[in-house]
Amino acid sequence: MGDVLAGFHAAWEFESDSVLIRFERGIRTPRLFQALGERRIPLDAIAAVTLTPGKRGTVVLRVEPRPGADPLMEAAAGQLKDASDPYRLVLPAERETLAEYYADELRAMLPSKDAGPAERYLVRPPETPLQFKAYDGKASFDGKSVHFRWFWTGASSAKWKAGDQSFAVSDLCGVEWRSPEVFEGHLRLLRRDAGVAQPAQADQDPAAVVFGLGYGPVHESLPFAASVLAAVRTGGTSALPESPAGAVTGAGADAGAGPRRDPADIADRIRHLGELHEAGLVTDEEFSVKKAELLAEL
């Protein structure tokens, strides 16, 4: 088709094998759209095309991804609000006839009306490296491993006692994302090892970070969750490209071994460790071992 249909916050370009969605930038554009930049959905990843009345004199053209086709929508698990749905194009009502034409043309191009769930992801995940700040720690993903670094001001004693965490994609079987727009959102990594018991409460689980208002917003935490989920499903093939020197670039370099930390940060962590020790939450031996580990990072 090659035509372009522009609406509020986005423009759709109809190609022979896909729909390329380019999101606008601006203060009124949802931050998730700005973070994504664009989204290409192949025709074989589309289950249906709908055109429905919208609010305040608008119509909404939407493509519905097949279950299992897009890691972003799989991670969202139906929790995205309509305004943040990347596959909705809102147009003025006077353009309904034009939108109906494109909807019919797109339906005619779909490979099958009853394709069913996709056997693999057909839409590209957000690219790594990715990172965001949750309430109790900083999460980073370099394409191969997920790293959680706890904040002494927000992490529970259980997480602080367990120490900073690193999880290889090969050791995970999935991701559980709960929107930070609802009470007690979180990102939990699900482990393959059935013998590892994970606490029911995310704030007590070293394999999870928790969100709140202002922490782990949708436009940061959801692409992160989608990228990890895609890597888990594809066996970790979304690894970062390496620089000519062979070193991982971007946030992955921070997650690797060897960087020295800010002495002030180490001092704060030792101070908090001492408070846990005085409260009887860590033993003398645990206190000595953890303190030595922190001092070794200076």
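This is a predicted model: local features need pLDDT of at least 70, side-chain atom pairs count only at pLDDT 80 or more; totals for chains, interfaces and linings use all residues.

1. An open sheet is built from three strands in the order β12-β13-β14, with antiparallel pairing. Strands β12 (172-178) and β14 (208-210) are its edge strands, each pairing on one side only. On average, and with direction ignored, neighbouring strands of this sheet are turned by 15 degrees against each other.

2. Within this sheet, β12 and β13 (residues 186-191) run antiparallel and are joined by six bridges. As an example to locate on the model, leucine 172 has arginine 191 in β13 as its bridge partner. Helix α5 (residues 218-233) packs on the sheet and touches β12 and β13. The direction of α5 makes about 160 degrees with that of β12.

3. Helix α5 deserves a point of its own. It has 16 residues, and the distance from its first C-alpha to its last is 22 Å, close to the 22 Å expected at 1.5 Å a residue. Is α5 largely enclosed by the rest of the structure, or largely open? It is largely enclosed, because 14 of its 16 residues are buried. After α5 comes glycine 235, whose phi is positive, near 75 degrees.

4. In soluble globular proteins, nonpolar side chains tend to be buried together. The largest nonpolar core in this model has 71 residues, and those touching the most other members are Val19, Leu187, Leu189, Leu222, Phe224 and Val228. The element that gives the most to this core is α5, with 10 residues.

5. Valine 19 may be examined in more detail. Leaving aside residues up to four places away in sequence, valine 19 touches Trp12, Glu13, Phe14, Arg39, Arg40, Ile41, Leu43, Ile46 and Leu106.

6. Strand β3 (residues 18-23) is mostly covered, as five of its six residues are buried. With which strands does β3 pair? One is β2 (residues 10-14), which runs antiparallel to β3 and is joined to it by five bridges; a hairpin through three residues connects β2 to β3. Another is β4 (residues 38-42), which pairs with β3 in the antiparallel sense over five bridges. Leucine 20 in β3 stands opposite glutamate 13, and leucine 20 also stands opposite arginine 40 in β4.

7. The structure holds 10 aromatic pairs. A pair of aromatic rings is described by the distance of the centres and the angle of the planes. For phenylalanine 23 and phenylalanine 33, the ring centres are 4.7 Å apart and the planes are at 25 degrees, so the pair is stacked; the cut-off for stacking is under 30 degrees. The pair links distant parts of the chain, with phenylalanine 23 in strand β3 and phenylalanine 33 in helix α1 (residues 31-36), 10 residues apart. Both phenylalanine 23 and phenylalanine 33 are buried.

8. Tyrosine 101 and tyrosine 102 form a pair of another kind. Their ring centres are 5.2 Å apart and their planes are at 70 degrees, so the pair is edge-to-face. Tyrosine 101 is partly exposed, with a relative accessible area of 42%, whereas tyrosine 102 is buried, with a relative accessible area of 7%. Ring pairs link Tyr101 and Tyr102 with Trp12 and Phe14 into a cluster.

Key. Residues are numbered from 1 along each chain as its sequence is written. Side-chain values use heavy atoms; hydrogens and water are left out. Two strands pair if DSSP finds at least two bridges between them. Helices (H or I, at least four residues) and strands (E, at least two) are DSSP runs, numbered from the N terminus. Axes are lines fitted to C-alpha atoms, for helices over the stretch in contact, and angles run from 0 to 180 degrees between N-to-C directions. Contact means heavy atoms within 4.5 Å. A nonpolar core is a set of buried Ala, Val, Leu, Ile, Met, Phe, Trp, Tyr and Cys residues joined through side-chain atoms within 4.5 Å. Buried means under 20% relative accessible area, exposed over 50%, partly exposed in between (1.4 Å probe, protein chains only). The expected span of a helix is 1.5 Å times one less than its number of residues. Rings of Phe, Tyr and Trp (its six-membered ring) pair if their centres lie within 6.5 Å; planes under 30 degrees apart count as stacked, over 60 as edge-to-face and the rest as tilted.
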